[in-house]
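Take a look at it first, then read on.

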Amino acid sequence: MKVNYELCDICGTCAGVCPVDGIEIGEFKVNIDNEICINCLKCLKVCPIKAIEEGVS
Amino acid sequence: MTKSKYDVVVIGAGPTGSTAARFAAENGASVLILERDREPGIPVRCAEGVSHAGLIRFIEPDPKWIAAKIEVAKLISPNGEVAYMHQNGTGYVLERRIFDTELCNIACSKGAELLTKADAIGLIFENEKIIGVKYKYLGEIKEVFCNIVIGADGIESRVGRWAGIKTDLALEDVDTCVQYTMTNINLDEEACEFYFGQNVSPGGYLWVFPKSKTTANVGIGIAGHLAEKKGPKEYLDEFIEKRFPNGKINYTVFGGVPTAATLKEIVKDNIMLVGDAARQVNPITGGGIIQGMVAAKICGIIAGEAVQNSKFEKKFLKKYRKEWDKELGNNQKVMFSLKEKFMCMTDERFNNLVKFCNSVPQEEFTTAALFKRAVKDDPKLVLDIAKAFVVSKLKK
């Protein structure tokens, strides 16, 4: 998964649905750990601004 | 300077984190609050509605953090019919930015310490026992030791996961939300508006919470599993074009609201979860400020008692669970079971419901009277009415 930082509002909703704790929410940036990501796409579906896309940045 | 050890470390300085810290400190614990952002209360990801009755359990209403006083809830059906509800008591739309700071100041006045720009990144374990928190502060990784960690880290709820608690939400159990704070709009300052419908806000609702005669929080939450093709922003933009064509958007904020039951596990040895992090939110209204603060008070008091008795195991801390269930947790479970039905209500059903509400004389507009009428007129409507009342309580 990759984050479109132009859109991301760092709201943390993606981390709230992540089944593997693969999303880190910092003060200024969201970071998805693709090493542990299982591609369930929950984060992509729930993101209110559609800032998450498939693929690796 | 921040000490190296506290009795309790609270992660997150929202209303629940600050309230838990306040009551833990009042009950004799030394407390440190770690907040990731540079001050409490920002960014505001909230519709900001609370009830007078709920608020005064914790703090006297103060004009400096109250934007508007609400006396009426309007329910608007998909076909545009409006039902007015006057019998739900006074509510307020807050200025969370100031409110959160005030709650944090109260916690600090009771002896808690606050450190902002302190981003918790993990727990410290010793022989599998939680003994502290790792956090980033101004580019450095720091450690603070404690007997109890309170996770008040909101929707993301990662603190619980670090402790091995399953906190991830199913897509059906999270509302994905957008809110604009709009100006240049005409409003009834004392009324909150709730819009329903499959084409308006699938699996959730759309709200207009006035902050003055010309300013309001206008937002929407839709069920996570219904948002893949068309997101909340698209629904909200369509609504605004019709309802507030001349309105101006000042603030834009995105966020998620848990609409689940309380987590199965909210305590383990040396750790307690509270508020959105514990999913202590009304799953139908999405209201979480008062509910979270109620939980936080119990959580804080029990953390304080744990410190006084040097008992930090789950066995002692689970008193928090028991009291929470008694206070609101069991009620939340009932709401959760109703939510599913609410989520798949058809437009026709919403239309009928609002029509029915209007057929009841205003002075009879109490829950008990409505139930009686509803059973007489249409037993199937009872459930819907129960839900409508719950929805109207969001403004409380």
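What is the order of the strands in the open sheet of three strands in chain B? It runs β3-β7-β4, and the pairing is antiparallel. Keep in mind that this is a predicted model.

**The sheet in chain B**
- Strands β3 (49-51) and β4 (66-70) of chain B sit at the edges, and each has a single partner strand, so one side of each has no neighbour in the sheet.
- Going from one strand to the next, the twist averages 30°.
- In general, the strands of a sheet pair up through backbone hydrogen bonds.
- Here, β3(B) pairs with β7 (residues 91-94) of chain B in the antiparallel sense, over three bridges.
- If you want to find that pairing, look for Val50(B), which stands opposite Tyr92(B) in β7(B).

**Where the chains meet**
- On the chain A side, 19 residues are in contact with 29 residues of chain B.
- Two elements of chain A, α1 (13-17) and α2 (42-46), each give two or more residues to the side that touches chain B.
- The largest share of that side, four residues, comes from α1(A).
- Sorted by type, the chain A side has nine nonpolar, four polar and six charged residues.

**A closer look at His225(B)**
- You'll find His225(B) in the loop between β15 (216-223) and α5 (232-243) of chain B.
- His225(B) counts as partly exposed because 18 other C-beta atoms lie within 10 Å.
- Leaving aside residues up to four places away in sequence, His225(B) touches Leu171(B) and Glu172(B).
- Leu187(B) is 38 residues from His225(B) along the chain, and their C-alpha atoms are separated by 32 Å.

Methods: Residues numbered from 1 in each chain as written. Chains lettered and ligands numbered in written order. Predicted model: local features only at pLDDT ≥ 70, side-chain atom pairs only at ≥ 80, totals over all residues. Buried ≥ 20, exposed ≤ 12 C-beta atoms within 10 Å, placed from the backbone. Contact = placed C-beta atoms within 7 Å. Pairing = 2+ DSSP bridges. Axes fitted to C-alpha atoms, helices over the stretch in contact; angles between N-to-C directions. Nonpolar A, V, L, I, M, F, W, Y, C, P; charged D, E, K, R; others polar.
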